[in-house]
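Hi,

Here is the structure I said I'd pass along. Have a look, and my notes on what turned up follow below.

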4 protein chains.
Amino acid sequence: MRLRVDPTSPEPIFEQLVFRVKEAIAQGSLVGGDRLPSVRELARDASINPNTVARAYEALEAEGVIVRRQGSGCFVTEKGSSLATNERKRRLDALVQRLVTEGFHLGFGARELRDALAERLSATPLPPRRDS
Amino acid sequence: MRLRVDPTSPEPIFEQLVFRVKEAIAQGSLVGGDRLPSVRELARDASINPNTVARAYEALEAEGVIVRRQGSGCFVTEKGSSLATNERKRRLDALVQRLVTEGFHLGFGARELRDALAERLSATPLPPRRDS
Amino acid sequence: MRLRVDPTSPEPIFEQLVFRVKEAIAQGSLVGGDRLPSVRELARDASINPNTVARAYEALEAEGVIVRRQGSGCFVTEKGSSLATNERKRRLDALVQRLVTEGFHLGFGARELRDALAERLSATPLPPRRDS
Amino acid sequence: MRLRVDPTSPEPIFEQLVFRVKEAIAQGSLVGGDRLPSVRELARDASINPNTVARAYEALEAEGVIVRRQGSGCFVTEKGSSLATNERKRRLDALVQRLVTEGFHLGFGARELRDALAERLSATPLPPRRDS
DNA sequence: GTGGTCTAGACCACA
DNA sequence: GTGGTCTAGACCACG
């Protein structure tokens, strides 16, 4: 488990960490029950402040992605989103709209967008979902 | 041309404006050569600070989406992205990865992601592209 | 708007602040759209570190109770919980079970618990709910 | 007597144990004089650290819920709360306020809160009280 | 002015 | 050892 961040990016370091962890889960390289590196360990490895790591872990817990247990460490959750269905749909639509709009301005058409998504999904299939 | 922003959103207002304009273009409701509302006009209509509008227009110009002509206003450009092909591809992949990762954590699977994209693309097809 | 905390309490200061704000909303003394004191202002008034206030506000935003807007301040949200129905029910049951168990060990019986709740609800009725 | 804890909960394990015991008493499944499982036994059954169990028992004894007798084990006490009446009332009010405030933010109204409490109390009535 | 991020370092709580 | 809280202070981003 190796998490890298780019301190020169405009994206906050803690958000980069959050996304890296979610990515690892969505790729199946982290699964429910797995333990994340400890705050101090990750801080040392990535040369960032422990508070910054703690903040990322805190955000991940708030999203329900991990749980933090005093004395033991941080663990990937098994359960799915606890949001209401319409809220989930709303957020998905926003993500799709983001992809379509930015993709268009990058010069990609409908077919290329669909292909890029299909390619990503077949290259690294989403892990099976264990409903809570 | 009516641009709305949500002041309660965590997304900065100027970024919302930037995205709204890009969205309008990706939906064909704004096309190359169209004139955007003036800074003061838009600021009044949307009840936001003129500085905020100016900043959004600045960002749009930096991206090459609009041009600002002294005294006559801001106009949508006709040209496509000026980025190199590999950079464009890299950004597209990041967008797709964002959709897949966040979508997965919202509880959506591969099929649902593809469907959501296909639905969006057929509901409001992308306008034809005039390559630069 | 005066928020007080007890630095000697075992309950973390930021959690005390979170609860005070939620209390004020549940009592109708803060309503949707109201602005909270600024981070620095509250920190000065309550003699605590601005980071601690910021953390409380961050938690409140994560819960969807307030929104934070750079440059403008923090505002009470109008919308209700975005959690799924079964999650909401589960949390309510846990709260009720907490009241019943702890109340019993304090020496209160069923009637006294019901009366205490009824009294609280009639003393300061819950504000009307504006569904999102 | 089977006590379960959820290691993934943010609530400390020893506090969960404390609450489980108090819950069992408030449901009548443990009554005055009953013996609790030994520290080692419970630690094995629940797969937790004996120190954690010991700490929970310590907290229960401090609250006057159980007594620990050298060599014979821990026993549920028969006596009620030893707190002064106004302190008991103050704590009850805090519990009620907690329920009302959090319940409101979960989207529940006065009627639903009263109903949830009434339902809980009729589903598993509180055991008769033997005042100290 | 507002909030947001990051660092540094102290001290506490849990297992 | 683990995570959790709090302080202090620097610097950036938004309106």
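Chain A can be laid on chain B by a turn of 179° and a shift of 0.2 Å along the axis, with an RMSD of 0.4 Å (least squares on the C-alpha atoms of residues with pLDDT of at least 70 in both copies). That is the relation of a two-fold axis. Bear in mind that this is a predicted model, where local features need pLDDT of at least 70, side-chain atom pairs count only at pLDDT 80 or more, and totals for chains, interfaces and linings use all residues. Residues are numbered from 1 along each chain as its sequence is written, chains are lettered from A in the order in which they are written, and side-chain values use heavy atoms, with hydrogens and water left out.

Now the interface. The contact (heavy atoms within 4.5 Å) takes 39 residues from chain A and 39 residues from chain B. The copies meet through the same surface, because 100% of the interface residues of chain A are also interface residues in chain B. Between them the chains bury about 4,400 Å², 72% of it on carbon and sulfur atoms (accessible area lost on being put together, 1.4 Å probe, summed over both parts). In chain A, the residues that lose the most area to chain B are A:F104, A:H105 and A:L106, together 15% of what that side buries.

There are also four salt bridges across the interface (a side-chain nitrogen of Lys or Arg within 4 Å of a carboxyl oxygen of Asp or Glu). One of them pairs A:R98 with B:E11, with the closest N and O atoms 3.5 Å apart.

Cheers

Methods
Buried area = accessible area lost by both parts, 1.4 Å probe.
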